[in-house]
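Hello,

I am handing over the structure below, followed by notes on what was found in it. Please read the notes with the model open.

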Amino acid sequence: MPLDQQKALLFGSAAAVRLLLFTAFPSLPNRLAGRVEVSTPVTSFKRLQEGLFLYTHNVSPYDGGVYHQAPLLLPLFSLLPNPSYYPFATSVLFTMVDLLSALALAQIAESGQSVVTRLFKSSRKDLRWSSVAIAAGFLFNPFTVATCIARSTSALTNLFILTAMAKASQGASFTFVLALSFASYLAMHPLLLFPPLLVLLYDARASKTKSAPSPFLFSVVHTLGLAAAVCALLFVSALLTGSWDFLAATYGVRLLLPDLTPNVGLWWYFFTEMFDSFREFFLGVFWLHVASYMPGLTIRLRKQPLFVATTLTGIFAIFTPYPSIADATLYLSLVPLFRHLFPLMRYTFLASASILYASFLGPAFYHLWIYAGSGNANFFYAITLVWSLGLSIIVGDSLYAALRDELDVERPELRGEEVKRI
Amino acid sequence: MALLATILALRRDARILKLPPYLSALCIIVGVAWLLVLPLNEYSRNTYVSENALLPGQVHTYFTGSEHNIFRAYRHEVALLVDSSVEERTQKLGDLLRASNLKVATQNYEYHAAGRNISNKNVYAILQGPRADATEAVVLVAAWKNMDGEVNYSGVALVLALARYFKRWSLWSKDIIFLISGDSTSGPQAWVDAYHDQHDPRHVENLKIKSGALQGAVAVDYPAGPWGHRYDKLHIVYDGVNGQLPNLDLFNTAVSIASGQMGIGCTLQRMWKHDDSYQERLRTMLRGMLSQGLGHATGPHSAFIPYHVDAITLVTVGDGWHDEMSLGRTVESLFRSLNNLLEHLHQSFFFYLLLQANRFVSIGTYLPSAMLIAANFSITAIALWVQSGRPATPSANPIATEPSSSASKSEKNKGKEAEKSKDEKKPSMTVAEKDGAIALFPTKDLEITERALFLPLIFVLTTHFLGLLPLYVFNNTPEPYLAHTFLAVSNITSVLPLGAAYLLRQFKRPTAQEMTLIQCFSVLFLGMFLSALATLNFSLAFIIGILSCPLSFVRTSKNKILGTVMYAVLALLNPVMVIQAATWFFGHGVVEILVKAAEGWHVWGLWTQVVVWLVWWPAWFAGSVVVAGGLFA
């Protein structure tokens with residue numbers, strides 16, 4: 001089968017599965033939208049509807065203290081018919097978002113930046129999966145499907161992150177800056193992806209043209225571009241809502257964690273237990289911890305910027321305040337780009353088994369805690385720990401494999417030797 | 001590091017691959033043995049009341065003397081209503097409650113399940129506690145007809161008498177709701193659904209008056225007729241829908257009041273005679289597990305438990321010397337204890353297996369048995385995964401210095417002489433050098449086998465979706481057609497694996513590796529579902545784990561006889577066959593069970609059939625296809 005036909009078949013079947021689930025099980029979207037694993041306070045579709053209601057009735061959407069998402073989503077969704085009566089338009093929109101994300105993922109795979117960059121050529125570069133297979137891995141991942149059916153707005157964030165990666169690996173400056181500014185505008189933490197992706201963009205550009213552009217000028221121009229784009233988005237938002245209150249209600253909530261609704265992350269339980277006097281300190285420490293991975297990884301793995309960006313999405317899926325399975329699905333669908341590292345990874349079975357077990361036991365324990373009343377919060381928190389453990393094993397193991405892969409190129413004589421931890 | 005290297009080297013040892021079936025078998029044996037030792041004194045504990053506020057049996061009860069005459073009068077009133085219509089009956093019962101100065105309301109409900117129409121009417125009254133602020137309530141239930149379909153004369157009369165009697169007391173610090181439900185399962189379900197606004201207004205009427213959060217519910221089942229009947233023991237029924245149990249404190253309070261204060265013996269799980277021997281304890285436990293595993297409603301209390309309202313039913317059994325007043329005083333004392341509660345029952349266990357009225361096993365002690373059964377599947381899955389990634393014929397002992405002759409023989413048998421033309425006796429070797437030492441490895445041990453994941457994954461997922469079909473059919477077939485449907489489904493499912501295996505052979509021959517992977521994924525899912533299920537409904541996970549444990553040991557076999565035997569064993573353990581055999585064994589009709597299941601699905605929110613059709617049946621089907629694949633090879 002030619003490649004385009006394969007792609008058409010894949011996208012067609014993925015869209016069909018989603019639309020079938022939307023139409024055949026009309027109660028499923030709302031049920032999933034209520035699951036804490038899928039919808040967080042900052043991505044929930046139910047909260048978006050609340051904000052939308054206030055917005056269309058000329059009340060500030062942030063007045064109720066329920067809506068914590070970006071203001072620009074409101075005009076977009078107010079164009080669609082009311083999802084309580086005509087859910088089809090929203091279903092089509094979210095299906096499209098997933099398809100576009102898969103398209104961007106396929107573009108990343110086709111660029112080959114995961115195995116061969118400007119400064120580094122993996123010795124296992126022939127071990128790759130086709131872009132169609134990688135897109136299929138994203139589209140048919142049950143977590144992606146669940147995120148799409150729940151109409152969580154993190155699907156949009158994922159789309160913009162993937163587009164930014166795709167454009168960076170193609171060397172398209174303008175669209176890259178635009179996509180990343182949208183991602184950062186929607187979810188804030190994707191801003192941390194800027195340095196590694198900028199390196200990626202620079203590499204892609206430098207290998208295209210004969211003479212590499214000046215790194216300093218290049219980064220200044222793009223940083224200014226990003227700042228301008230984000231400022232423009234914020235300014236339009238302020239115009240739209242009539243005040244700058246949205247900053248505290250959106251980014252303030254993400255930064256300061258006032259809403260302790262349980263999620264699959266590690267923050268909520270910790271901060272429910274915390275004495276108020278320590279709150280600010282630990283908020284600072286937790287955020288510093290998330291942010292600290294970026295400079296270290298970017299410098300150490302300077303030669304493989306796409307891998308740094310991928311690992312950072314994994315870090316976000318574990319350590320940000322409001323993660324959901326949508327963040328995990330983004331990371332898990334980027335990992336197959338690095339198929340050549342799989343033979344070097346050591347704990348794949350352990351990691352995948354713990355993630356699979358956690359995804360079955362999580363809902364069971366949540367049920368015991370909230371509905372049956374026979375369990376308590378510790379049950380669910382224990383499972384989120386297992387979930388995060390599984391993800392962090394993949395992050396750590398793939399990081400080891402990437403370093404090992406680099407070592408094999410730098411010191412071919414050490415190939416196959418056992419490493420010792422010092 | 002050296003140890004790790006040795007272990008890694010062992011991964012390729014053929015002898016290691018022989019180990020997992022034994023390990024799986026060991027898990028199953030230990031799991032079952034674990035369950036069998038639970039009734040021993042060393043592994044079970046005496047029950048105790050954990051919540052201090054309950055103070056069971058510490059109050060004097062006053063439901064005696066002239067109340068007896070009132071009770072008898074009510075019982076005659078109730079007896080007069082037996083032949084009257086539902087409307088008339090509820091009207092009269094409402095009037096009786098209203099005469100005790102209570103607020104009364106009624107509720108109609110109408111359910112449709114398996115082509116049947118279940119409709120009746122509940123009547124209930126609310127006593128506003130003199131010291132209460134209407135934030136909490138406890139419920140006293142008597143169903144008009146009990147689980148066996150007998151009219152609950154004395155139970156209803158007792159509720160009426162207690163309503164009148166409780167109204168006179170000033171000490172209630174919770175509201176008390178008296179509910180006389182139309183039947184034993186759907187009526188309380190309709191009422192408690194509507195109480196929590198979780199009902200479908202098309203079938204169930206809204207409640208006109210409500211009180212606060214329900215803290216507990218007690219149902220009485222005393223079907224003695226207008227002239228009374230003295231009973232021997234109280235049978236305490238505690239299983240909720242889907243195997244959820246009430247807090248053990250409620251059960252303990254009831255037992256300690258009945259046996260300690262009133263001197264009435266308590267029994268459970270239909271064990272009318274219990275001499276506290278090992279066998280009797282074991283039988284009690286197994287009956288409890290069966291009841292929990294099936295997850296059906298066992299009395300009027302069952303509907304309350306999913307809403308986190310702890311509830312039990314007191315059933316009078318046998319011929320003895322206890323009269324209705326001692327039951328009334330038991331209920332009075334129980335309500336006085338519940339009245340003391342400062343917070344929701346939470347102190348004691350929610351997961352337990354009872355061995356007799358005052359002995360239990362807690363979750364920490366019994367859970368490992370179901371987990372071991374589930375782990376056996378995970379072990380098999382790991383083994384099959386490793387096996388699928390290996391070359392077709394692993395060398396017998398890779399660490400041995402001499403390459404074994406059997407390896408080269410099997411190579412020859414596979415017709416690979418062309419590759420081996422250079423050296424017919426020995427397999428080709430690869431030289432590896434490390435730290436000046438030289439070692440020889442068989443080349444094929446260094447080859448990496450790629451796994452073809454697509455077909456197995458699609459197959460297993462399709463199988464799981466296929467289970468939706470029988471689930472839908474059985475839940476929505478009207479009763480007259482159920483017998484035929486059951487016959488058809490059992491015939492189809494018995495032949496379907498053969499057909500599927502034949503078709504797979506015709507279109508695309510699944511390789512041995514794909515067969516292994518199909519089984520691997522199917523068993524992996526089964527193990528995962530069962531370990532998650534064990535935390536929700538231990539008994540169901542255990543029962544299904546035991547019934548599907550042959551799936552760990554069957555393989556695609558070239559040997560036709562062995563394959564036929566394995567297929568025959570699996571065919572006997574077909575979920576449909578198991579249902580048939582179990583209903584025959586326990587002396588019920590299949591149709592009766594299916595109707596109950598459909599009623600459970602539509603009315604009680606039962607999900608046992610989801611587990612059967614979407615977990616158990618797909619695993620069985622995949623295993624059978626794997627075995628049948630060998631028959632067509």
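The crossing of α14(B) and α21(B) is right-handed (left-handed would mean that the near helix is turned anticlockwise from the far one by less than a right angle, and right-handed means clockwise). Helix α14 covers residues 468–476 of chain B and helix α21 residues 608–631 of chain B; their axes come within 8 Å and cross at roughly 145°. Axes here are lines fitted to C-alpha atoms, for helices over the stretch in contact, and angles run from 0 to 180 degrees between N-to-C directions. Helices (H or I, at least four residues) and strands (E, at least two) are DSSP runs, numbered from the N terminus.

On the α14(B) side the contact has B:Leu468, B:Pro470, B:Leu471, B:Phe474 and B:Asn475, which meet B:Gln609, B:Val610, B:Trp613 and B:Leu614 of α21(B); contact means heavy atoms within 4.5 Å. By class, the residues of this contact are seven nonpolar, two polar and no charged. Ala, Val, Leu, Ile, Met, Phe, Trp, Tyr, Cys and Pro count as nonpolar, Asp, Glu, Lys and Arg as charged, and the others, Gly among them, as polar.

This is a predicted model: local features need pLDDT of at least 70, side-chain atom pairs count only at pLDDT 80 or more, and totals for chains, interfaces and linings use all residues. Residues are numbered from 1 along each chain as its sequence is written, chains are lettered from A and ligands numbered from 1 in the order in which they are written, and side-chain values use heavy atoms, with hydrogens and water left out.

The contact of α7(B) with α9(B) has six nonpolar, five polar and no charged residues.

Next, the sheets. Eight strands of chain B form an open, mixed sheet in the order β2-β3-β5-β4-β6-β9-β7-β8; two strands pair if DSSP finds at least two bridges between them. Its edge strands are β2 (103–113) and β8 (265–267) of chain B, and the twist averages 25° from one strand to the next. Within the sheet, β3 (residues 116–127) and β5 (residues 175–181) of chain B run antiparallel, joined by five bridges. Helix α4 (residues 86–99) of chain B lies across β2, β3 and β5, at about 10° to β3(B). Helix α7(B) also packs on the sheet, touching β6, β7, β8 and β9 of chain B.

Another open sheet in chain B has three strands in the order β1-β11-β10, with antiparallel pairing. β1 (45–46) and β10 (352–356) of chain B each have a single partner strand, so one side of each is left without a neighbour in the sheet. Four bridges link β10(B) to β11 (residues 359–362) of chain B, with B:Gln356 and B:Arg359 as bridge partners. Helix α8 (residues 278–294) of chain B lies across β10 and β11, at about 140° to β10(B).

Regards
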